[in-house]
There are 2 protein chains.
Amino acid sequence: MKIIEGGVTAAKGFYAAGVEAAIKYKNRKDMALVYSETPCVAAGTFTTNVVKAACVLWDKKIVEESPAVHSVIVNAGIANACTGTQGMEYCGQTAKAAAKALNIPEDSVLVASTGVIGMQLPIDRICAGVEKLAAAKADSLEAGHLAAEAIMTTDTVSKEVAVTFEVDGVTVTMGGMCKGSGMIHPNMCTMLGFVTSDVAISKELLTKALKEDVVDTFNMISVDGDTSTNDTLLVLANGCAGNSIIAEEGEAYEKFKEALHYINMTLAKKMAGDGEGATALFETKVINAASKEDARTLAKSVICSSLTKAAIFGHDANWGRILCALGYSGAQFDPEKLELFFEGGGKRIQIYKDGVATDYSEEEASVILSQPEVTVLVDMKAGTEEACAWGCDLSYDYVKINADYRS
Amino acid sequence: MKIIEGGVTAAKGFYAAGVEAAIKYKNRKDMALVYSETPCVAAGTFTTNVVKAACVLWDKKIVEESPAVHSVIVNAGIANACTGTQGMEYCGQTAKAAAKALNIPEDSVLVASTGVIGMQLPIDRICAGVEKLAAAKADSLEAGHLAAEAIMTTDTVSKEVAVTFEVDGVTVTMGGMCKGSGMIHPNMCTMLGFVTSDVAISKELLTKALKEDVVDTFNMISVDGDTSTNDTLLVLANGCAGNSIIAEEGEAYEKFKEALHYINMTLAKKMAGDGEGATALFETKVINAASKEDARTLAKSVICSSLTKAAIFGHDANWGRILCALGYSGAQFDPEKLELFFEGGGKRIQIYKDGVATDYSEEEASVILSQPEVTVLVDMKAGTEEACAWGCDLSYDYVKINADYRS
């Protein structure tokens, strides 16, 4: 596997665009397109929130029932959630506009929205945006960048990644983009993520691989504990690489999964590190846990703890809060047995052992906690399983951003 | 039932004190005593955190096994959690000092600590503090106030409440105090709470009443989602009122439960309203839910949502976040059916109905959200059960307080 430049247009046959459509923001790109002339198999995971955005309901149906997918239309600014029957109709009208502009079937169009809940989409501007997108689409890396920028809301940076890998001597490419900064606490998947690949793979295996991988990637990040109404992760594969189709598990499938895992993990970490108001990516790695489930539960509990996150923001080695968060996670363990380390900037120090603090230097700990990427390593000494979770610190700016988001 | 002035010394036969012992804070009271010469029956609920403070382990044993309780010794500043065998020994030494100073059995002494996790108690200063407390104890309301002040950490106000009620023509008094501001997300009970009553009641019924009541009071508040290692709620009853002992359920027991509920709910609300950095008490009332469990789950999910809390801080009627929090709570419901209202300052407006926003005035909503007590009323239209949960808004000061708590 080789990491390359690019995003959703890295793989053969994929086009993208990002344009200004004045949906809610002014003077910035706020609509994006992903398009493949060659029909794609698609897989998706969606929010588990009982309150589901109209676009989530639309996409679930398309992913499950449509024979092929050609495009995704995304808008930022308005979430099209809690918008009743009107919201569903607008999904249909968006798909219709895209079908016309791109000359593809209506049921091959996926839609995704992110932004304020409860407002109706300005459907005329959406349809005008679709036409602009169709006219602007290109298969260049630049077109992928523009799309990645257009889907941002409170994100401070756009998020892309791409890799190549070999299947049967054929080079396959996979790339992705995502957005997400607040209301991030994935449960099945998170926010908006779009992955494209020119791999030839059966829909069944694409779905299986995606389902297995989100558990350890997008579902292991959290910014604020709020599971969005709009969480959507879509993977499109158009087969343009020309490999013999991956239709059963084996070496080729494993290589595909490895690449998908790298793409998903990278996008998920980018999202966590760009959490609203974040000054640091905060990773918790739990090793030697009694079970995989325990490892995941413990790791996630630590990165979700508001008190721990505030301590990271303050570069304060307040490890008691980490013990506390492990303790209320729901996993059972012996607090006297586990060991705790801080890692950052290439350094590691042990903080806790045998039920009490080690004789660590507060100064050294504070230097580690001042790094842009901080890791808490928890050795449970209870088994062989491990898991990683990613979040960010809790800063003044998180409050600032969310106290007047709608204004 | 009549609300009266006072706290833990309101009931007959109860003494209290609050003194400066320099445990961690300087120039402020940081140790408290509650004492009854007459032996008390005691009931307690404690944190469900796997990581339990030494004092929690000590108290569980005393409450379960000791024939009678005479006193509680509390310190603020250091939590005596994650302190290993040394921490347990210090509980014993504290009890021994109290037994000597008050001339009571060692196994009649409860201990409670709150503050930084992972530091050892300065046991010499603790023992000196116990002697000062014994010398200073009094049964005046003032002594109760001093105790309530001494147990504060990041609290901005001390928290007391007292009531009288009649049992068989005899006036019974009950009073309480509590502290709690951060690391508040009770699961079984929360933070430190102490309730005293001169009621004569069997230990069995005292325990039953407490257990039943915390579910709807202390367990329904949250400041930051972090369940402390030290949560402790203790109820002591010394029988000094002279009522015939309440030993079976019936009218007298119901009257006692009503008073206990008022005391617990009042203390719990005071705690939520004084959450770290809070500018408002944030109540969510769910009515007409399909089940009691649903009502509790839904109400608690809303008051725990960081995004909703930040919106309340910003006086922003961002109701979509409330819908979102209801949606990921785990309870099942039809989002199109429920109705949403904001209440505050004696006003109420409807925000959401039939799956979309009503035509409410943003200005009017903002006025309601600027009140010191804000209520979100959720009518699920799915049954007859209801529940209330209490939290607070999320402000810059929450981050400030917790980014450098240990400094």
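Two strands are taken as paired if DSSP finds at least two bridges between them. In this predicted model, strand S10 (residues 281–289) of chain B and S15(B) run antiparallel and are joined by seven bridges. One of the residues involved is Leu281(B), whose bridge partner in S15(B) is Cys392(B).

**The sheet in chain B**

S10(B) and S15(B) belong to an open sheet of six strands with mixed pairing, in the order S13-S12-S11-S14-S10-S15 (chain B). Strand S13 (356–357) and strand S15 (385–392) of chain B are the edge strands, each pairing on one side only. Helix H7 (residues 292–304) of chain B packs on this sheet and touches S10, strand S14 (373–379) and S15 of chain B. The direction of H7(B) makes about 20 degrees with that of S15(B).

Helix H9 (residues 320–327) of chain B is mostly covered, with eight of its eight residues buried. Among them are Arg321(B), Ile322(B), Cys324(B) and Leu326(B). The cover over the buried residues of H9(B) includes H7, helix H8 (306–313), strand S11 (339–344) and S14 of chain B. It also includes a part of the other chain, strand S5 (109–116) of chain A.

**Chain A as a whole**

Chain A has eleven helices and 15 strands. Its C-alpha atoms fill a box of roughly 70 × 55 × 35 Å along the principal axes. A compact globule of 407 residues would have a radius of gyration near 22 Å, and chain A agrees with this because its value is 22 Å. Buried residues make up 63% of the 407 residues in chain A. Of the contacts in chain A with a separation of 6 or more, 80% are between residues 24 or more positions apart.

**The sheet in chain A**

Chain A holds an open sheet of six strands with mixed pairing, ordered S13-S12-S11-S14-S10-S15 (chain A). Strand S13 (356–357) and strand S15 (385–392) of chain A each have a single partner strand, so one side of each is left without a neighbour in the sheet. Strand S12 (residues 347–353) of chain A pairs with S13(A) in the antiparallel sense over two bridges. In this pairing, Tyr352(A) stands opposite Ala357(A) in S13(A). Helix H7 (residues 292–304) of chain A packs on the sheet, touching strand S10 (281–289), strand S14 (373–379) and S15 of chain A. The angle between the directions of H7(A) and S15(A) is about 20 degrees.

**How the two chains meet**

Two copies of a chain are related by a rotation about an axis and a shift along it. Here, chain A can be laid on chain B by a turn of 180 degrees and a shift of 0.0 Å along the axis, with an RMSD of 0.0 Å. That is the relation of a two-fold axis. The C-alpha of chain A nearest the axis is that of Tyr396(A), at 2.6 Å.

The contact takes 53 residues from chain A and 53 residues from chain B. On the side of chain A that touches chain B, helix H8 (306–313), helix H9 (320–327), S13 and helix H11 (396–403) of chain A each supply at least two residues. H9(A) gives the most, with seven residues. By class, this side of chain A has 26 nonpolar, 20 polar and seven charged residues. The copies meet through the same surface, because 100% of the interface residues of chain A are also interface residues in chain B.

**Single residues in loops**

Most residues other than glycine have a negative phi.

| Residue | Phi | Loop | C-beta atoms within 10 Å |
|---|---|---|---|
| Cys82(A) | about 60 degrees | between S4 (69–78) and H2 (84–102) of chain A | 27 other C-beta atoms |

A residue is buried if 20 or more other C-beta atoms lie within 10 Å of its own, and exposed if 12 or fewer do.

Is Ser244(A) buried or exposed? Ser244(A) counts as exposed, because it has 10 C-beta neighbours inside 10 Å. Ser244(A) is found in the loop between strand S9 (232–237) and helix H6 (251–273) of chain A. Its C-alpha atom is separated by 7.6 Å from that of Asp168(A), 76 residues apart along the chain.

Note on methods
Residues numbered from 1 in each chain as written. Chains lettered and ligands numbered in written order. Predicted model: local features only at pLDDT ≥ 70, side-chain atom pairs only at ≥ 80, totals over all residues. Helix = DSSP H or I, 4+ residues; strand = E, 2+ residues; numbered from the N terminus. Contact = placed C-beta atoms within 7 Å. Axes fitted to C-alpha atoms, helices over the stretch in contact; angles between N-to-C directions. Rg over C-alpha atoms; globule rule 2.2 N^0.38 Å. Least-squares fit on C-alpha atoms with pLDDT ≥ 70 in both. Nonpolar A, V, L, I, M, F, W, Y, C, P; charged D, E, K, R; others polar.
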